[in-house]
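Dear colleague,

Please find the structure below, with its sequence.

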Amino acid sequence: MAVQKGNLSIHSENIFPIIKKWLYSDHDIFIRELISNCCDAITKVKRLSTLGEADLKEDKDFTVKVILDKENKTLKFIDNGIGMTDEEIKKYINQIAFSGAEDFFNAYKDKAENEQIIGHFGLGFYSTFMVADSVEINSLSYKEGATAVKWFCDGGTEFEMDASDKTTRGTEITLNIGEEGTDFLDEYKVRSTIEKYCSFMPFPIFLDVANKEPKKDEDGNIIIEEVKPLNDVTPLYTKRPNECSDEDYKAFYQKTFKDFKEPLFWIHLNMDYPFNLKGILYFPKLSTQFDTLEGEVKLYNTQVFIADNIKEVIPEFLLLLKGVIDCPDLPLNVSRSFLQNDGFVKKTSDYITKKVADKLVSLYKTKREDFKKFWDDISPFVKFGIIKNTKFAEKVKDIVLYKTNTGKHLSINEYLANHAGKLENEVYYITDTTQQSQYIKLLSEHDVEAVVLDHNIDQAFISHIESTNTDIKFKRVDSDLSSLLTEKEENVDEEKNKAEVEKISDLFKKALDLEKINVELQSLKNDDVSSMILLSESNRRMQDMMKMYSMNGMGMGMDANMFPNEETLVLNKKHPLVHYTLEHPEDETSSLIAKQLYDLAMISHKPLSPEAMSEFIKRSNDIMKKII
């Protein structure tokens with residue numbers, strides 16, 4: 001054929017620099033686009049062969065080859081797919097944004113549905129100019145008698161086409177790497193990018209490095225290494241669940257996420273109607289509460305990696321999990337980086353949510369003991385889901401477990417039933433089992449259990465539960481316990497009691513150098529307890545909220561000190577130390593006892609400041625000296 005020259009057919013004079021510079025946010029995307037095109041080309045020719053419209057002869061070993069030549073600064077992508085004629089290059093390459101894949105699909109969609117075509121847009125090829133100064137296409141069509149053709153463009157709006165000496169079916173694209181793409185002359189960079197985007201593409205991908213020094217053994221002999229593809233052409237999620245063993249699931253998880261802890265369990269998604277979706281979601285085992293922030297759900301479109309954690313498809317609470325979702329029907333935009341607004345996306349999200357909820361409910365009902373073992377790891381995820389997703393909450397609300405201080409796992413209804421007659425729809429909870437041990441002991445003595453809510457999501461969770469079920473109230477163990485721990489006194493002299501409270505309040509104000517202190521005198525059922533601090537639940541939650549906002553830089557000019565401190569010092573009037581201070585308010589020993597009672601109560605409530613702790617230790621030593 002005669003040499004041809006011409007201008008690329010661009011519908012807007014400014015579109016080419018936009019394609020080169022801004023269409024894709026990450027330059028490494030060009031590798032995904034070119035390998036996707038290679039796989040498309042192979043898929044097309046396979047389909048034509050199946051229909052009897054292409055004679056493949058002996059060339060049926062389909063592969064994609066990437067060849068890196070650092071010395072000559074080139075990167076080649078080679079396939080043995082359908083190839084192109086000069087007319088097809090004019091149509092699919094010179095006319096930017098005309099989708100060859102879509103055109104082919106429309107022509108053959110009613111003849112065979114077994115293979116998916118990856119590409120839906122014609123702009124992917126031009127992502128090469130983000131890293132290349134010039135690009136050459138060398139292609140030979142599958143058609144009998146076709147002439148090989150060569151196309152060249154240096155990144156402007158002009159191209160050259162000529163006949164080629166290529167003798168094998170398929171397409172070879174050569175990138176002459178420019179200054180902006182020098183990173184892609186590094187073998188590790190190319191290899192890791194292929195593994196990132198193309199791990200599950202449907203045809204074997206091989207990387208060859210030109211002029212690479214062979215590996216040798218200790219004697220200097222060349223080691224012949226087995227050449228393996230960089231991808232898994234039939235990833236586990238493409239198979240049916242009954243074809244997969246537990247070991248298969250674990251191996252896939254560890255390889256995909258580089259996490260060598262075994263997952264707790266998983267959900268295999270396999271849906272053909274009303275839309276096509278496959279995938280596996282794993283519930284990882286957590287080491288700390290902060291592990292829940294490290295979820296990773298990979299989204300694929302026909303085995304082509306799109307992105308991690310796309311919230312339009314994967315509900316936000318599910319992003320705490322790890323998994324792979326492949327949905328060929330996703331309405332992607334032209335760069336495949338973002339989803340177009342579409343009712344289909346919401347249906348996909350709702351389906352995934354339903355499948356996860358159904359799996360959890362099934363585990364709760366059929367494998368309750370296993371579910372209990374998993375609970376500590378999955379509870380942050382379940383609670384976050386309940387807060388964030390109404391449909392999920394409705395399905396799983398009855399399977400939420402609460403771990404008690406005695407190690408039991410109870411539903412909210414079981415907890416309330418166990419404490420019928422003692423508590424009126426109240427749930428006592430613990431945030432620090434060590435710090436609050438005194439309160440736990442006091443409750444235990446009255447056969448009342450407390451549930452452990454020590455995760456950073458728990459405060460938001462219990463507020464949500466209270467807002468949706470107004471009959472239930474959560475109370476921390478150091479909130480108002482008077483109904484449980486105090487004895488009812490008959491014939492109480494209110495005037496005398498008021499005078500005693502004023503007297504002992506004055507003593508504590510003077511001893512502790514405080515302008516104000518809330519003091520109550522109670523007859524506690526436990527004679528061994530001298531004092532304790534109680535804080536109203538509402539006040540404590542407000543203070544916690546203010547601390548959280550301050551930590552996140554959202555104080556908005558507010559200070560936790562703006563809210564009154566409602567900590568109350570409860571003194572057991574039956575205890576001899578309290579009785580002594582009442583009888584000897586002016587005695588120096590009473591002042592010493594007051595300080596000690598206050599610190600002892602505070603230690604069980606929250607940590608003392610460094611200064612207060614030093615003073616407490618010194619005072620404790622002084623008291624012990626008096627015993628000698």
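The protein chain has an average pLDDT (the predictor's confidence in each residue, from 0 to 100) of 82, and 83% of the residues score at least 70. Residues 117–121 stay under 50, yet the model gives them 24 contacts beyond four places in sequence, a contact being heavy atoms within 4.5 Å. The pLDDT is also below 50 over residues 554–558, a stretch with five contacts beyond near neighbours in sequence. Where pLDDT is low, the predicted coordinates should not be read in detail.

This is a predicted model, in which local features need pLDDT of at least 70 and side-chain atom pairs count only at pLDDT 80 or more, while totals for chains, interfaces and linings use all residues. Residues are numbered from 1 along each chain as its sequence is written, and side-chain values use heavy atoms, with hydrogens and water left out.

Five strands form an open sheet with mixed pairing, in the order β9-β10-β13-β11-β12. Strands are DSSP runs of E of at least two residues, and helices runs of H or I of at least four, numbered from the N terminus; two strands pair if DSSP finds at least two bridges between them. Because β9 (265–271) and β12 (304–308) are edge strands with a single partner each, one side of each has no neighbour in the sheet. Within the sheet, β11 (residues 296–301) pairs with β13 (residues 322–326) in the parallel sense over five bridges. Tyr 300 has Asp 326 in β13 as its bridge partner.

Asn 231 lies in the loop between β8 (205–209) and α6 (246–257).
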